[in-house]
Structure formats: structure tokens, C-alpha cells
Amino acid sequence: MSVNVRIPTILRTYTGGQAEVAAEGATLGEVIADLEKNHTGIAARVLDDQGKLRRFVNVYVNDDDVRFEQGLETATPDGAGVSIIPAVAGG
Amino acid sequence: MAVQTVATTPAAASAPGTVDLGPASGLSCRECGTRFDLGPIFACAECFGPLEVAYDLPLGDPEALRRKIESGPANIWRYAPLLPVPADVADKPNLNPGWTKLVQADNLARELGVEPGKLFIKDDSGNPTHSFKDRVVAQALEAARAFGFTTLSCSSTGNLAGAVGAAAARAGFRSCVFIPHDLEQGKVVMAAVYGGELVGIEGNYDDVNRFCSELIGDPLGEGWGFVNVNLRPYYGEGSKTLAYEICEQLGWRLPDQLVIPIASGSQLTKIDKGLKELIALGLVEDKPYKIFGAQAEGCSPVSTAFKAGHDVVRPQKPDTIAKSLAIGNPADGPYVLDIARRTGGAVEDVNDEQVVDAIKLLARAEGIFAETAGGVTVGVTKKLVEAGLIDPSLTTVVLNTGDGLKTLDAVAATSQATATIAPSLDAFRSAGLAG
């Protein structure tokens, strides 16, 4: 499954400045693993020491917050848009 | 015109280390402690944690600092030595918010079973756009000037949109603000009247917030100062002024108990930060205080986590009349839990009916017409007193963060004319209203 991942500004040092990159994977967890293969270091910014999503990271698959879905097990259908967004905004 | 000159001059001094934001010395990650130069950034590049302003505070002579504050203007700039703003901030065009009334609420105290003289309402409806948001926007405006932005923006549940629109108008900035499309009419009008652009987003606040977070990373948002996104570390500091004012108005004393509404949780965390700073500076006695958070049942992710003993906050889909608190995914929720537990406080919620009852109780008892968020804090205070969690013999300060005129719909159905009569004494007598 090929998906399009929107990269927040603070992670663009890992993607050569690109705001969007392509990645492969049937689930969000697989997509992040694939990102790590091509952009070394990015997974450690998004995941904590236990391999879970950091608490100040929001990830959306298409328009759905994965915390309302299955977290890292959330399916990422072919052509899906994945957005990684800092959670510390708003209020 | 001088106003526009100040507001639109690009910040020549925006290079790292040369920004003049008074005692602010840098940004620090609240999660991992990584330090960053002052700049329009809000999330830690290491762990995504929230960045907050670090200071070189004026330690050493509390009496001199107290005198300086007391001789300052009757607005938040009396606390400029403790805020991320240049020393001459009071001379720049802004709304000069703050120094709102701390009302000794003896009538309400009697209704709630609190000892006379012990209950106070910090009534922030008295700010220029009638909510506490003027405090935080004033800080963000100074940061926007320092970093050379000329457009002010935000995601808003309503009050913030009005505060940004007004501040931008005064300072000569362009504004473009984003709100959920279905807000109360009063808040829409108050946001639009200042002449900036107001954009309704088809979704709830969390959708608006997500949109703005994506816009900030896109060339479309380049050069924009989003007060609660890329300027959020500075913006949040404005809520510290509530802590400063409450203590100064109590005669430089800490309250024993505070009841604070929770939307993102930023205000509650910054009030706690402000209280701790006053203790560190020697301006108040170092003694325990309890912080209580207040939510509406229809959007209660933090109180749900508190009651369940969790230290993470599971997002909710909001459904409440308290729209200014309707943030289902609160950025500072985990810190609110930490503070409530550290201070021995609690986080509680009330349903919409209780919110309406509390708005009317406060109005009837004290002549203060609060917006729904104020109904939430008063309603939660009542609940906590009844539960024995708030000690009625100790000093308690309850926040009202906005004006009831913005949320008329909440009470309109049950707040109507007592009678409609002909203009005659007979009719008045017949209606049974005499005496």
C-alpha cells in the first residue's frame, strides 16, 4: 500500500526539507517503519521508547485521528493521506 | 501613522539571540528540557513536547519588585518584568487588558455554604473584548512584532477570534482567524466586527486546530503568526497575569483554592506557573494551594482521565453548550492532571443543565453575567463544596473567563420578561408585581 505522508516542519530535517513524502505499509505502524528506512531518525521522534506514539503527536489517516481508531494498527489503504501533527496547538 | 509604523516594521532583530522579549531568555521543552533560542516555534524537535518560555527573572529584592509592580499601569503591563515582552511594551499600541475585578462574592458564598469573606470571583469579562483571551493575545502580539509577522491568526472557539481581531486592528496588523462554523451568533459577530477575515470551518474545534497546524507548515501560512500555534509559548504566558493579579488583589497572598475552567488546559497550567514564580520571587508566602479544574460533561476528557486515575487523556467528540471549552483533544491535558494531583485538587464536570443553573445563580447572587465557561466553574465549585473537596473555611477564587452576552442562547429560554402589561397603574396592580 502506498500512502502520502505530510511531514510537520520540525521533522523536515529528516526528509531533506520535503513537506510530503511517499511511504509503504498496510498499517500506520508499517508506514512509520518504512519512513524510518528512508529517513533515518524519524521514527524515534514520533514513537517513544516503548514503540508507542508519543503523547504530543497527533496522527491522522485521511481525516481520522488514529487515537479514535486502532492507533499504530490503523489500516492505511492505498492512496491514503497520513498527517503527522504536533499536538501542542490550540486553546 | 505611528501605530502602523510600529506594527508593520519587519523585525530586523529577529535573528536568534537578538530578539528583545524582556526577561525571556529562551524556550525550554516541558517534556525533555531541551533548550531553543527564542523564535516562532512551539513543539520540541526532539520529542514533540510543548515549548515554554524560560526567564532570567529579577530575583533578589522582592520589596523593590513589589513597589515597581504597584506603581505600574492598571493593566497586565504592571507585570512586564515577569513577561516575555520588551520593557517599553506599555508604549506600543495594544488593548492593555487585565487588572479586572476580584469580586468578594458573599451572596454566592451564602448560597454555596462557604464562609463569608472566603469566596471570590475573578471576573475577566471586564477585558476589552470581554474574555480572558485579551491577556494571552497581548503577549502573542509582542512576539509577532519581535519576529516580524504582519498577519495575526488563530484557531478559536470564539473568544480568541474576537481578541485577535481587536488586537490586530489596534496594532495595525492584518488578521485572519478560523472558527467552527456553528458557533454562537454573539461570538461570530464579535469576531467579525473588527474587520479582519473570519473563516468558518466545517467541523468542530479540533478540526479547526488540525487545519491551522497544517497551514502553519505550508507556504500558504508563511509569515503568519498563529497566536495559539507557532506563537503559543508566548501566548500562554498571558494567563500567568491572572495568578499575579489574584495574589496582588488579595494583598499579596496566595489563595488556598482556585477553580479554573479547562479547554486546552493552557490557562490552568500557566496560572500554576505564575503562582510558583511569585513564590520563587518572594512576593508571596510559600504555602500550599489547591487547583481544581472544571469541564462540561459533554466535553470532559480531562475530568474523565482524572477520575479514572489515568495520566493520559483520551480525546472526546465534544457535545456541550459550553462551546468555549469544547476542545476534545486538549493539548495541556496531561499537565492539568499532574497539577491537580500535585496540589491536592481535583478535576470535575457538570452537565449543561447545571451550567445554565450556575450562570443564573451567579447573576442572581452577585450581578455577574457569565458566559457558559463561567457557568462551568461556578457549577463545579458548587459540586466540589457539596462533595467536601473544597474547604468552605478557606479562601477560594473562582474564574469567570467571559461575558454572558456572548452566549445568550444558553439562558434565553429561561430568562424572559416577568410580565407584559399595558402602560397603566391598574395593569401593574393586576399583574401582582407591586411591592
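## A helix wrapped up in chain B

In helix α4(B), 15 of the 15 residues are buried, so the helix is largely enclosed by the rest of the structure. Keep in mind as you look around that this is a predicted model. Helix α4 covers residues 133–147 of chain B. From its first C-alpha to its last it reaches 21 Å, close to the 21 Å expected at 1.5 Å a residue. Just after α4(B) comes Gly148(B), with a positive phi of about 85 degrees.

## Leu152(B) and its neighbours

Is Leu152(B) buried or exposed? Leu152(B) has 28 C-beta neighbours inside 10 Å, and therefore counts as buried.

Leaving aside residues up to four places away in sequence, the residues that Leu152(B) touches include Leu141(B), Ala144(B), Val164(B), Ala167(B) and Ala168(B). Phe173(B), Ser175(B), Gly225(B) and Val227(B) are also among them.

## Two domains in chain B

The domain assignment of chain B gives domain 1, made of 2–61 + 133–235, and domain 2, made of 105–130 + 239–412. Taken over C-alpha atoms, the centres of these two domains of chain B are separated by 24 Å. Where they touch, domain 1 of chain B brings 21 residues and domain 2 of chain B brings 22 residues.

Which helices supply the domain 1 side of this contact in chain B? Helices α4, α5 (159–171), α6 (185–192) and α7 each give at least two residues to it. Sorted by class, that side of domain 1 of chain B has nine nonpolar, six polar and six charged residues.

## Getting to know chain A

Chain A contains two helices and five strands. If you follow chain A along the sequence, the pattern reads β-β-α-α-β-β-β. Along its principal axes, the C-alpha trace of chain A spans about 35 × 30 × 25 Å. A compact globule with 91 residues would have a radius of gyration near 12 Å, and chain A agrees, with 12 Å.

Of the 91 residues of chain A, 43% count as buried. Now take the contacts in chain A between residues at least 6 apart in sequence: 52% of these join residues at least 24 apart.

## One side of helix α1(A)

Helix α1 of chain A covers residues 28–38, and its buried residues are Leu28(A), Val31(A), Ile32(A), Asp34(A) and Leu35(A). Why do they sit on the same side of α1(A)? They cover an arc of only 160 degrees around the axis, which puts them on the same side of the helix.

What lies over the buried residues of α1(A)? The cover includes the strands β1 (2–6), β2 (20–24), β3 (57–61) and β5 (81–86) of chain A, along with helix α2 (42–46) of chain A.

## Where the two chains meet

Between the chains, 29 residues of chain B are in contact with 21 residues of chain A. Helix α7 of chain B, residues 205–216, gives the most to the chain B side, with five residues. By class, this side of chain B has 14 nonpolar, nine polar and six charged residues.

Key
Residues numbered from 1 in each chain as written. Chains lettered and ligands numbered in written order. Predicted model: local features only at pLDDT ≥ 70, side-chain atom pairs only at ≥ 80, totals over all residues. Helix = DSSP H or I, 4+ residues; strand = E, 2+ residues; numbered from the N terminus. Expected span 1.5 Å × (residues − 1). Buried ≥ 20, exposed ≤ 12 C-beta atoms within 10 Å, placed from the backbone. Rg over C-alpha atoms; globule rule 2.2 N^0.38 Å. Contact = placed C-beta atoms within 7 Å. Nonpolar A, V, L, I, M, F, W, Y, C, P; charged D, E, K, R; others polar. Arc of directions from axis to C-beta. Domains from an automatic or database assignment.
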